[in-house]
Amino acid sequence: MSFSDDLDRQRAHVMRAVRQAGSGWAQAMRAHKLAPPDAGFADRLRVLSDAAASEQVAWEHAHAAGLLWRPVPGAEGAEPPYELRPGTGRRGPAELWSRFDAAVTTLNRAITGSSAADVADAFGEMSEATAALADAVAREDAARLNTTRARGAA
């Protein structure tokens, strides 16, 4: 086995991981596009955070293998699904939504270039921002449920 064969096998493995992560990301985004305003919002945010984390890891490996991101022309103006956009009644703390919006802008900027490292970093920030939102929304939902139960018991 030559060094070249080993490198080809490593790159093939990384590309499979990239495709799987991309598929998970697309599925998580679709869940937000088709979502009704319901108690599952925190769970959808958590799935999106996990998908972004998978993308981060995949693109870190891709960068280490010397692979590049394929630029997405015009992505600077891309918007997330409706329930994740500003002005749509998003639940959760405004400061966490500001962080999320900044992460969207950073990711959109990163995917217009070819740096796998920049894409990985942007997905990492998206994962962290979305995880914080998922936690906050879950806490708000739990508090709202506890208040409703307390009123019903009175």
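In this predicted model, residues 24 or more positions apart account for 75% of the contacts (heavy atoms within 4.5 Å) in the protein with a separation of 6 or more. The protein has four helices and zero strands, where helices (H or I, at least four residues) and strands (E, at least two) are DSSP runs numbered from the N terminus. Local features need pLDDT of at least 70 and side-chain atom pairs count only at pLDDT 80 or more, while totals for chains, interfaces and linings use all residues. Residues are numbered from 1 along each chain as its sequence is written, and side-chain values use heavy atoms, leaving out hydrogens and water.

**Overall form**
- The elements run α-α-α-α from the N terminus on.
- The C-alpha trace spans about 75 × 35 × 25 Å along its principal axes.
- Of the 154 residues in the protein, 36% are buried; buried means under 20% relative accessible area, exposed over 50%, and partly exposed in between (1.4 Å probe, protein chains only).

**Nonpolar core**
- The largest nonpolar core has 40 residues, and Trp25, Leu45, Trp59 and Met126 have the most contacts inside it.
- Helix H1 (3-33), helix H2 (41-64), helix H3 (94-110) and helix H4 (116-153) each supply at least two residues of this core, and H4 gives the most, with twelve residues.
- Such a core is a set of buried Ala, Val, Leu, Ile, Met, Phe, Trp, Tyr and Cys residues joined through side-chain atoms within 4.5 Å.
- Leaving aside neighbours within four places in sequence, Leu45 is in contact with His32, Leu84, Trp97, Thr130, Leu133, Ala134 and Val137.

**Two individual residues**
- Ser49 lies in helix H2 and counts as buried because its relative accessible area is 3%.
- Not counting residues up to four places away in sequence, Ser49 touches Ser127, Thr130 and Ala131.
- Arg16 is found in helix H1 and counts as partly exposed because its relative accessibility is 43%.
- Arg16 and Asp118 are 102 residues apart along the chain, and their C-alpha atoms are separated by 20 Å.

**Lining of the largest pocket**
- A pocket is an open set of points on a 1 Å grid over the protein atoms alone, where a 1.4 Å probe fits, with protein on both sides within 12 Å along at least five of seven lines; lining residues have an atom within 4 Å of a point.
- The lining has 19 residues, of which Trp25, Met29, Leu107, Asn108 and Ile111 lie nearest the centre of the pocket.
- H1, H3 and H4 each supply at least two lining residues, and the largest share, four residues, comes from H3.
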